[in-house]
Amino acid sequence: MLDYATNVAKYPEFQAYFREYQPPLLAVWGKHDPFFLPSGAEAWKRDIPEADIRFYDTGHFALETHGDVIIPVIREFMNNRIKV
C-alpha cells in the first residue's frame, strides 16, 4: 500500500480478476479530485460493466466533506449487493 508504483504494476492482474469474477463495485468519487480524476472512476466500467460509479461535488477527501451523503449510499450498496 505504501509503494504506489508497485500497485500500478499490478493493475493488469487486478483487471483480469475483475473481468473474470465481476465483484460488486461501488466507487464514490470526488469529481474535483486533483489526484484521481473522474476518468479513473469511469475506467472501472471497462472491466466491471455493472459497477456503480457515483460522483460528488467534492475533492480528494470525499468522505470527510460529504460523509453525511456518501455513508448512506455505502450502507445501501453493502446491504443490497454484498452477500455474507
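Reader: Quick one to start: where does Ile-53 lie?
Author: Ile-53 is in strand β2, residues 52-56. Helices here are DSSP runs of H or I with at least four residues, strands are E runs of at least two, and both are numbered from the N terminus.

Reader: Before we go on, what kind of model is this?
Author: A predicted one, where local features need pLDDT of at least 70 and side-chain atom pairs count only at pLDDT 80 or more, while totals for chains, interfaces and linings use all residues. Numbering runs from 1 along each chain as its sequence is written, and side-chain values use heavy atoms, with hydrogens and water left out.

Reader: Back to Ile-53 then. Buried or exposed?
Author: Ile-53 is buried, at 15% relative accessibility. Buried means under 20% relative accessible area, exposed means over 50%, and partly exposed is in between, using a 1.4 Å probe and protein chains only.

Reader: And which residues does Ile-53 touch?
Author: Setting aside residues up to four places away in sequence, Ile-53 touches Leu-25, Ala-27, Ala-41, Glu-42, Trp-44 and Lys-45. A contact here is heavy atoms within 4.5 Å. There's also Val-28, which is 25 residues from Ile-53 along the chain, with 6.2 Å between their C-alpha atoms.

Reader: What about Leu-26, which residues is that one in contact with?
Author: Leu-26 sits in strand β1. Beyond its neighbours within four places in sequence, Leu-26 contacts Asp-52, Arg-54, Val-73, Ile-74 and Phe-77. Gly-59 is another story: Leu-26 and Gly-59 are 33 residues apart in sequence and 17 Å apart in space, C-alpha to C-alpha.

Reader: Zoom out for me. How many helices and strands are there?
Author: Five helices and two strands. The order along the sequence is α-α-β-α-α-β-α. The C-alpha atoms fill a box of roughly 35 × 30 × 20 Å along the principal axes.

Reader: What share of the residues is buried?
Author: 24% of the 84 residues in the protein chain. As for contacts with a separation of 6 or more, 60% of them join residues 24 or more positions apart.

Reader: Changing topic: how many salt bridges?
Author: Three. The rule is a side-chain nitrogen of Lys or Arg within 4 Å of a carboxyl oxygen of Asp or Glu. Side chains of opposite charge can pair when their charged atoms come close.

Reader: Which side chain does Arg-19 meet in a salt bridge?
Author: That of Asp-47, at 2.9 Å from N to O. This pair links distant parts of the chain, with Arg-19 in helix α2 and Asp-47 in helix α4 (residues 44-47), 28 residues apart.

Reader: Is Asp-47 buried or exposed?
Author: Asp-47 counts as buried at 10% relative accessibility, whereas Arg-19 is partly exposed at 45%. Leaving out neighbours within four places in sequence, Asp-47 contacts Gln-15, Phe-18, Arg-19 and Gln-22.

Reader: And the other bridges?
Author: Glu-13 pairs with Lys-10, the closest N and O atoms being 3.6 Å apart. Glu-13 is exposed at 51%, and Lys-10 is partly exposed at 35%. Then Arg-54 and Asp-52 meet at 3.0 Å, N to O, with Arg-54 partly exposed at 30% relative accessibility.

Reader: You mentioned Gln-22. What is its phi?
Author: Positive, about 50°, although Gln-22 is not a glycine. Most residues other than glycine have a negative phi, and most peptide bonds are trans. Gln-22 is in the loop between α2 and β1 (26-30), and is partly exposed with a relative accessible area of 33%.

Reader: Last thing, the surface. Which residues form the nonpolar patch?
Author: Tyr-4, Val-8, Tyr-11, Phe-14, Phe-35 and Phe-36, with about 570 Å² of accessible area together. Patches are made of residues with over 30% relative accessible area and no salt bridge, joining like charges within 9 Å and nonpolar side chains (Val, Leu, Ile, Met, Phe, Trp, Tyr) within 5 Å. Accessible areas come from the Shrake-Rupley method with a 1.4 Å probe, and for residues only the protein chains shown count as cover.

Reader: Which helices each supply at least two residues of that patch?
Author: α1 (4-9) and α2 (11-21). Val-8, for one, is in helix α1 and is partly exposed, with a relative accessible area of 37%.
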